Amino acid sequence: MVRKAKPFTLKNGELYKIDQDNKLRRCLTTIETQMVMKELHEGPIGGHFVTKLTHKKILDVEYWWPTMFRDLHDYCRSCDACQQTKGLAIQSLAKLMKSLPKE
Ligand SMILES: [Zn+2]
């Protein structure tokens, strides 16, 4: 039986997760997660990307918390701008589909 090492470590008094790609990702507090989600979803470098892309961005800046994917999903779902653009995207897709020549 192989025992997995605990994928966490302490560095300068802060908790880091050792991820599958061997990167150290700092574990954030609840308050920090809200700030990071806001910044990386709605901020100047955000761009209102879907959950998966925003999730990747947060991993890229090397942050982590246990419920990040679920939190992001809820965050994106409750974002007004996203709900509106999603609606628009579906409308324009429907229009595009109608305008395509049928074979
Ligand atoms: Zn959004």
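Visitor: Hi! In what order do the elements of the chain run from the N terminus on?

Guide: Hello! They run β-β-β-α-α-β-α-α. Bear in mind that this is a predicted model.

Visitor: Thanks. And how many helices and strands are there in the chain?

Guide: The chain has 4 helices and 4 strands.

Visitor: What do the strands form, and in what order?

Guide: An open sheet, ordered β1-β2-β3-β4, with mixed pairing. The edges are taken by β1, residues 8-11, and β4, residues 63-64. Each of those two has a single partner strand, so one side of each has no neighbour in the sheet.

Visitor: Let's walk across it, then. In what sense do β1 and β2 pair?

Guide: They pair in the antiparallel sense, over 4 bridges. As a landmark, look for F8, which stands opposite K17 in β2.

Visitor: How many residues are there between β1 and β2 in their hairpin?

Guide: There are 2 residues between them, and N12 in that turn has a positive phi of about 50°.

Visitor: OK, next pair. How many bridges join β2 to β3?

Guide: 3 bridges join them, and the two strands run antiparallel. β2 covers residues 14-18, while β3 covers residues 24-27. Here you can find I18 opposite L24 in β3.

Visitor: Which residue in the turn between β2 and β3 has a positive phi?

Guide: That is N22, with a phi of about 65°. β2 and β3 also form a hairpin, this one with 5 residues between the strands.

Visitor: Is T29 buried or exposed, and why?

Guide: T29 counts as exposed, because it has 10 C-beta neighbours inside 10 Å. In sequence T29 and W64 are 35 residues apart, and their C-alpha atoms are separated by 9.6 Å.

Visitor: Switching topic: which residues make up the largest nonpolar core?

Guide: There are 9 residues in that core: V36, M37, L40, I58, W64, M68, L72, Y75 and C76. The elements giving two or more residues to this core are α1 and α3, with α3 at residues 68-77.

Visitor: Which element gives the most to this core?

Guide: α3 does, with 4 residues. As general background, nonpolar side chains tend to be buried together in soluble globular proteins.

Visitor: Can we zoom in on M37? Why is it buried?

Guide: M37 counts as buried because 25 other C-beta atoms lie within 10 Å; the cut-off for that label is 20 or more. You will find M37 in helix α1.

Visitor: And which residues is M37 in contact with, leaving aside its neighbours within four places in sequence?

Guide: D71, L72 and Y75. Another pair to look at is M37 and I58, which are 21 residues apart along the chain and have their C-alpha atoms separated by 8.0 Å.

Visitor: Now the helices. At roughly what angle do the axes of α1 and α3 cross?

Guide: At roughly 55°, and the axes come within 11 Å. That makes α1 oblique to α3, and the crossing is right-handed.

Visitor: Which residues make the contact?

Guide: From α1 it is T33, M37 and H41, and from α3 it is D71, L72, Y75 and C76.

Visitor: What about α2 and α3, how do their axes cross?

Guide: The axis of α2, which covers residues 51-60, comes within 9 Å of the α3 axis and crosses at roughly 130°. That makes α2 oblique to α3, and this crossing is right-handed too. The contact is made by T51, T54, H55 and I58 of α2 with M68, F69, L72, H73 and C76 of α3.

Visitor: Last one, for the whole chain: what percentage of the residues is buried?

Guide: Buried residues make up 13% of the 103 residues. For contacts with a separation of 6 or more, 44% come from residues 24 or more positions apart.

Key:
Residues numbered from 1 in each chain as written. Predicted model: local features only at pLDDT ≥ 70, side-chain atom pairs only at ≥ 80, totals over all residues. Pairing = 2+ DSSP bridges. Buried ≥ 20, exposed ≤ 12 C-beta atoms within 10 Å, placed from the backbone. Core = buried A, V, L, I, M, F, W, Y, C linked by C-beta atoms within 7 Å. Axes fitted to C-alpha atoms, helices over the stretch in contact; angles between N-to-C directions. Parallel < 35°, antiparallel > 145°, perpendicular 65-115°, else oblique. Left-handed = near helix turned anticlockwise from the far one by under 90°. Contact = placed C-beta atoms within 7 Å.
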